[in-house]
Amino acid sequence: MIPALAILLSFQLIGEIAARGLGLTVPGPVIGMMLLVASCLIRPSLAEMLRPVVRGLLANLSLFFVPAGVGVVAHMAEFRSDGLAIALALTVSTALAIAVGALVFVGVVRLLGRHE
Amino acid sequence: MTDAALIWSYLSRGPLLWLTATLFAYWIGDRCFRAAGRQSWANPVMVAVALLAVLLELTGTSYQTYFEGAQFVHFMLGPATVALGMPLFDNLHRVRKALLPLLAALTAGSLTAVVSVLVIAKATGLSPVMMASLAPKSTTAPVAIGIAEGLGGEPTITAVLVLLTGIFGAIIATPLLNLLKIHDWRARGLSVGVAAHGIGTARAFQVNETAGAFAGIGMGLNAVLTAIIAPLVLRLFQ
């Protein structure tokens with residue numbers, strides 16, 4: 001467990017250094033995530049070594065954003081005054097994104113099928 | 001005998017109490033979620049956040065004091081984000097097989113999510129901080145929080161917006177996609193993963209295995225894509 005955790009943290013660490021050092025907008029952990037995929041492709045045995053710890057982390061992923069979520073108590077005033085606008089933006093945008101994503105996927109599949 | 005007030009004043013200042021409370025609140029939330037038959041509206045995080053918010057209010061505890069204990073849990077977001085690379089790695093063969101439709105749908109869905117939320121936010125006069133907090137709302141929470149921080153948004157607001165987006169997306173996905181007559185499980189899953197991250201992905205897995213795998217791919221790739229496009233799109237609205 002400790003070696004796997006050390007490797008995951010190293011990917012994050014390299015990601016943070018790269019993000020800050022190069023002034024990137026991509027968060028360090030996301031760069032770490034890409035490093036993980038790349039490293040597993042180069043060395044598939046690494047995936048097997050990391051897998052048990054990764055499984056444990058991902059199984060409890062929801063727990064990890066509880067502390068940030070509780071932060072809403074400090075912003076209740078904003079949610080009260082702008083609640084309607086926020087709700088409108090969230091719902092319309094989410095429905096649109098689902099519809100557009102699915103329609104484009106099906107559209108491109110159909111387009112490619114016609115050429116084959 | 002020591003005064004109960006003294007014990008309380010000792011405990012309320014250390015991290016132990018609020019770390020324990022966070023784990024218990026999540027445990028209760030998870031039990032509610034299971035009791036409700038894993039319905040999206042009974043999201044365990046939502047339940048835990050509500051319980052803790054009430055508890056902080058009742059005990060007159062500030063968020064700052066709470067966070068001193070909860071930061072240990074919060075810290076795990078980083079390594080957990082790195083861990084999200086594993087399902088992506090496991091599903092690379094599916095990505096290769098449907099590369100073009102997948103990339104097209106990912107780009108279209110991701111752009112739609114960011115642009116449309118900002119258009120509505122701007123039109124309804126929401127503050128710049130709220131806009132920056134809303135921009136990454138379709139991305140998985142750990143990544144969205146990181147993106148919002150970089151954009152000058154409020155990470156705690158983003159955390160809640162991300163949750164609400166996931167819950168809403170998970171609830172409407174099936175009726176909406178049926179209405180649009182989309183029967184390809186890959187398209188259905190991918191679009192939900194891109195628009196409604198982990199909560200949408202969990203819902204997709206309940207409906208269909210292929211949809212779930214594609215939702216996971218959508219969520220993972222969108223985390224990377226939103227981190228790149230959200231700052232660019234937001235700049236157009238400032």
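In chain B, the C-alpha centres of domain 1 and domain 2 lie 27 Å apart. This is a predicted model, and the domain assignment puts domain 1 of chain B at residues 4-75 and domain 2 of chain B at 83-236. Where they touch, domain 1 of chain B supplies 6 residues and domain 2 of chain B supplies 7. On the domain 1 side of that contact in chain B, the classes are 3 nonpolar, 2 polar and 1 charged.

Chain A is also divided, into domain 1 at 1-64 and domain 2 at 68-116. For chain A, the C-alpha centres of domain 1 and domain 2 lie 27 Å apart.

Now the two chains together. How many residues of chain B are in contact with chain A? There are 89, and they meet 63 residues of chain A. Helix 11 of chain B, residues 155-179, gives the largest share of the chain B side, with 15 residues. By class, the chain B side divides into 66 nonpolar, 18 polar and 5 charged residues.

Next, the core. The largest nonpolar core has 116 residues. Among the residues with the most contacts inside it are A:Val66, B:Ala48, B:Val117 and B:Leu190. Which helix gives the most to this core? That is helix 13 of chain B, residues 209-236, with 14 residues.

Take B:Val117 as one example from that list. Setting aside neighbours within four places in sequence, B:Val117 is in contact with A:Ala89 and A:Ser93 in chain A, and with B:Leu134, B:Ala135 and B:Lys137 in chain B. B:Ala135 is itself one of the residues with the most contacts inside the core.

Conventions. Residues numbered from 1 in each chain as written. Chains lettered and ligands numbered in written order. Predicted model: local features only at pLDDT ≥ 70, side-chain atom pairs only at ≥ 80, totals over all residues. Domains from an automatic or database assignment. Contact = placed C-beta atoms within 7 Å. Nonpolar A, V, L, I, M, F, W, Y, C, P; charged D, E, K, R; others polar. Core = buried A, V, L, I, M, F, W, Y, C linked by C-beta atoms within 7 Å. Buried ≥ 20, exposed ≤ 12 C-beta atoms within 10 Å, placed from the backbone. Helix = DSSP H or I, 4+ residues; strand = E, 2+ residues; numbered from the N terminus.
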